[in-house]
Structures are given as C-alpha cells and as structure tokens.
Amino acid sequence: YLMNNNATVLSVNTEVLEKMAEIAAKEVEGVAGLSKKAIDLKSAVKTKQAFKGVKVENVNGAIKINVYICVNKDAIVKDVAEKVQANVKDKIQTMTGNAVTQVNVNIADIEIEKEEE
C-alpha cells in the first residue's frame with residue numbers, strides 16, 4: 001500500500017476480495033458450499049478460467065459481488081440468502097474499509113445428502 005501525507009491508500013486484489021467473500025458465505029448456516037458449476041457460460045468460455053463461486057467487480061472503489069451458493073436441502077433459502085448477503089458485505093467492509101455497493105446472492109444448487117443404505 002502507498003503512504004502519502006499520512007494517508008493510507010489500501011488496494012486489495014480482486015482475488016483476495018473473492019476469497020473473503022467465499023469465507024463469509026461459507027460461515028452462514030444452511031450454505032452447503034459455493035457452486036462449482038458455471039452459471040454464465042458465455043464469460044466462462046471467454047475467459048477459459050475455472051469457475052469460481054464468487055465474482056467480484058471493483059469499479060473505482062465501488063465493490064460489486066456475485067456469490068453463487070449451494071444450499072442444504074432443508075434450508076430456508078430466503079433467510080440463507082439474506083444472511084449471506086449481510087455477512088459478505090459486513091466482512092469485506094470491515095476487513096478493507098471499502099464500501100460494498102452490491103451483493104447478489106444466486107442460489108445455484110441444492111445439496112441433497114446421499115441416501116442411507
């Protein structure tokens with residue numbers, strides 16, 4: 001980070017923000033994990049990257065986050081989504097001091113436990 005006139009300018013790599021968001025999302029009860037499936041196939045094909053369950057866009061310090069989660073089969077999806085949204089926003093704002101302008105929670109899948117034999 002740069003220091004000038006006792007002011008600290010903090011620059012956080014997008015991948016680090018994605019990791020923070022991933023940790024925050026996984027902390028929420030009812031979240032089975034993050035999606036491993038590509039939801040937006042066009043961008044997945046374009047970038048040829050492995051799909052991640054979190055996508056962060058940082059435009060002029062405004063942070064926009066898309067989280068793709070997999071929920072437990074008995075989870076109340078609306079509650080889980082709201083908690084993920086709040087936790088991700090809170091975590092990143094607390095850790096970076098940057099304003100998170102948008103957190104979109106996308107339910108990508110439902111985790112169904114394997115049937116007992």
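**Entry 1: V67**

I started at V67, which counts as buried because its relative accessibility is 0%. Buried here means under 20% relative accessible area, exposed means over 50%, and partly exposed lies in between, with a 1.4 Å probe and protein chains only. I am working on a predicted model, where local features need pLDDT of at least 70, side-chain atom pairs count only at pLDDT 80 or more, and totals for chains, interfaces and linings use all residues. Residues are numbered from 1 along each chain as its sequence is written, and side-chain values use heavy atoms, with hydrogens and water left out.

I placed V67 in strand β5. Helices (H or I, at least four residues) and strands (E, at least two) are DSSP runs, numbered from the N terminus. Next I listed what V67 touches, leaving out residues up to four places away in sequence: A25, L34, G53, V54, V84, V88, V103, N104, V105 and N106. Contact means heavy atoms within 4.5 Å. I also checked V67 against V84: they are 17 residues apart along the chain, and their C-alpha atoms are separated by 8.6 Å.

**Entry 2: the whole chain**

I stepped back to the chain. I counted three helices and six strands. From the N terminus on, I read the order as β-β-α-β-α-β-β-α-β. Of the 117 residues, 31% count as buried. I then took contacts between residues at least 6 apart in sequence, and 67% of these join residues at least 24 apart.

**Entry 3: α1 against α3**

I looked up the packing of helix α1 (residues 14-26) on helix α3 (residues 77-96). Their angle is about 135° and their axes are 8 Å apart. That angle makes α1 oblique to α3. The cut-offs are under 35 degrees for roughly parallel, over 145 for roughly antiparallel, 65 to 115 for roughly perpendicular, and oblique for the rest. Axes are lines fitted to C-alpha atoms, for helices over the stretch in contact, and angles run from 0 to 180 degrees between N-to-C directions.

I noted the crossing of α1 and α3 as right-handed. From α1, the contact uses L17, M20, A21, A24 and A25; from α3, it uses V84, N87, V88, K91, I92, M95 and T96. By class, I found nine nonpolar, two polar and one charged residues in this contact. Ala, Val, Leu, Ile, Met, Phe, Trp, Tyr, Cys and Pro count as nonpolar, Asp, Glu, Lys and Arg as charged, and the others, Gly among them, as polar.

**Entry 4: T96**

I followed T96, a residue of helix α3. T96 counts as buried because its relative accessibility is 8%. Its side chain reaches the backbone oxygen of I92 at 2.6 Å. A polar atom of the T96 side chain also lies 3.0 Å from the backbone nitrogen of N98.

Are V28 and D74 buried or exposed? V28 counts as buried, at 8% relative accessibility. D74 counts as exposed, at 63%.

I found V28 in the loop between α1 and β3 (31-34). Leaving out residues up to four places away in sequence, V28 touches V80, K83, V84 and N87. V28 and V88 are 60 residues apart in sequence and 9.6 Å apart in space, C-alpha to C-alpha.

I found D74 in the loop between β5 (62-72) and α3. D74 and G30 are 44 residues apart in sequence, and their C-alpha atoms are 7.9 Å apart.

Key. Left-handed = near helix turned anticlockwise from the far one by under 90°. Polar contact = N/O pair within 3.5 Å; in protein donor to acceptor, adjacent residues only side chain to side chain.
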